[in-house]
Number of protein chains: 2
Amino acid sequence: MSQEPARPTFSHLPADKQARVLNAALAEFADQGYHQASLNRLVARAGIAKGSLYQYFPNKEGIFRHIFQLALKLVRQTLVEVKETTAQEDFFTRLEKSLQAGVRFLQTHPRIYSLYLKIQFDRQTPCRQEFLATVRRHAGEYFGSLISRARTRGELRPGISEPAALFLLDAVFDRFLQAAAVPALDVTFNLHQAPEEIIQRRIRELIDLLREGLAA
Amino acid sequence: MSQEPARPTFSHLPADKQARVLNAALAEFADQGYHQASLNRLVARAGIAKGSLYQYFPNKEGIFRHIFQLALKLVRQTLVEVKETTAQEDFFTRLEKSLQAGVRFLQTHPRIYSLYLKIQFDRQTPCRQEFLATVRRHAGEYFGSLISRARTRGELRPGISEPAALFLLDAVFDRFLQAAAVPALDVTFNLHQAPEEIIQRRIRELIDLLREGLAA
DNA sequence: ATTTGGTATGACCAACTGGTCATGTCCCAG
DNA sequence: CTGGGACATGACCAGTTGGTCATACCAAAT
């Protein structure tokens, strides 16, 4: 499918040097996006020579694919973990804990989330299709399994359209995280860099609304 | 606040030439974003010389501000129009018609919507703050007025958190439009370039879900 | 002491960027 | 016929980009 993005030389490197390079790369791609990312800045941040970078990776896209695969692994891990640790709860508690986990992820890996957003909205980023497909598939499976178990337990209104429910959850959760991560995005929630306590209250309000609906 | 982005020379131009330049600019910015947009490509598309461009506008940012103001005007217009033409309907019908109007806008002005997305997620675009604030303000006022009238009419569940409802609507609507405009974004709705009929059905399903909630 | 293989380095390259400007064209007033 | 102002033009500029490469370094093996 796609050749190894990193050269063997890179894996022989002392761990701290690898880390420096990966950190610099993640930082650069996360806050500039693929095309605006500058390899000159990257090597400056990492404290290595330009030539060295090309001993580690075949080209810019190779660097990108590498850090993108690391990011993907982390996301997968997190999703699996949340799914397992909330397996015993009822549907709406699971939703609440999932959103909380999302916020935690975003706070501990802000650059990875930023990278994710960059990829999502720059149609020309390499691997975009592959990346989005993977993430959406995981999200879909995640919400899907929550929903289908909730349905067999009778926690859902009967006759609900499953695709619609999936879409709704995906939309609301994604937007919630976006609003927490990106300034000037949400109308009234003011989630960006809001204190933990407010975020928790907002999460509960939202889940309530999803559960009970808007109508009288 | 900010000087006129277009030079007088530009307004003296024959209308079709103006249109050619504006079209080329919108196209370039919409599918490349601000920084990746190339003025060389732009002038090639418009069929004018590089130098001419700088007789019309002071610099790249000036061009951007100009087309961005045109876009803003169009969005404002559309919102006002929808608000007025649905004034007589009940809350959930208004929601439905609003979403339909959004989809129509996106179909008739795909490049403007694309530009909007680019601005939303590229933190470094000029005028970003100003632009987002304006759009969000309009969206907020729009949904806000819908909600508060619905409340006085008793169409809403009492005790609903208004900010939460606003956030929910904004999130779902925006994501719906995004999914319709950008490939590979939604999990299961497959809205991208879907036929009119499917889109209408999805809208109805979503509004239903918002109205009645998820819980049994 | 010499050779060898992996790694480090930064000057260098072509391609492109946003932006400038001397020159040219054209039309209209004198 | 002459002059002047508005507009057109593309060669040109300095700066940056992703990428290359001859050279240098340094350990271990001979």
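Let's start at A:K50, where an N or O atom of the side chain sits 2.7 Å from a base oxygen of DNA strand D; a polar contact here is a pair of N or O atoms within 3.5 Å. This is a predicted model, so local features need pLDDT of at least 70 and side-chain atom pairs count only at pLDDT 80 or more, while totals for chains, interfaces and linings use all residues. Side-chain values use heavy atoms, without hydrogens and water, residues are numbered from 1 along each chain as its sequence is written, and chains are lettered from A and ligands numbered from 1 in the order written.

Helix α4(B) gives the largest share, five residues; helices are DSSP runs of H or I, at least four residues long.

How are the two chains related? Chain A goes onto chain B with an RMSD of 0.1 Å, by a turn of 180 degrees and a shift of 0.0 Å along the axis, superposed by least squares on C-alpha atoms of residues with pLDDT of at least 70 in both. The copies are therefore related as by a two-fold rotation axis. In chain A, the C-alpha nearest that axis belongs to A:G213, 1.7 Å away. That glycine comes just after α10(A) and has a positive phi of about 85 degrees. Thanks, everyone!

Definitions and conventions:
Helix = DSSP H or I, 4+ residues; strand = E, 2+ residues; numbered from the N terminus. Polar contact = N/O pair within 3.5 Å; in protein donor to acceptor, adjacent residues only side chain to side chain.
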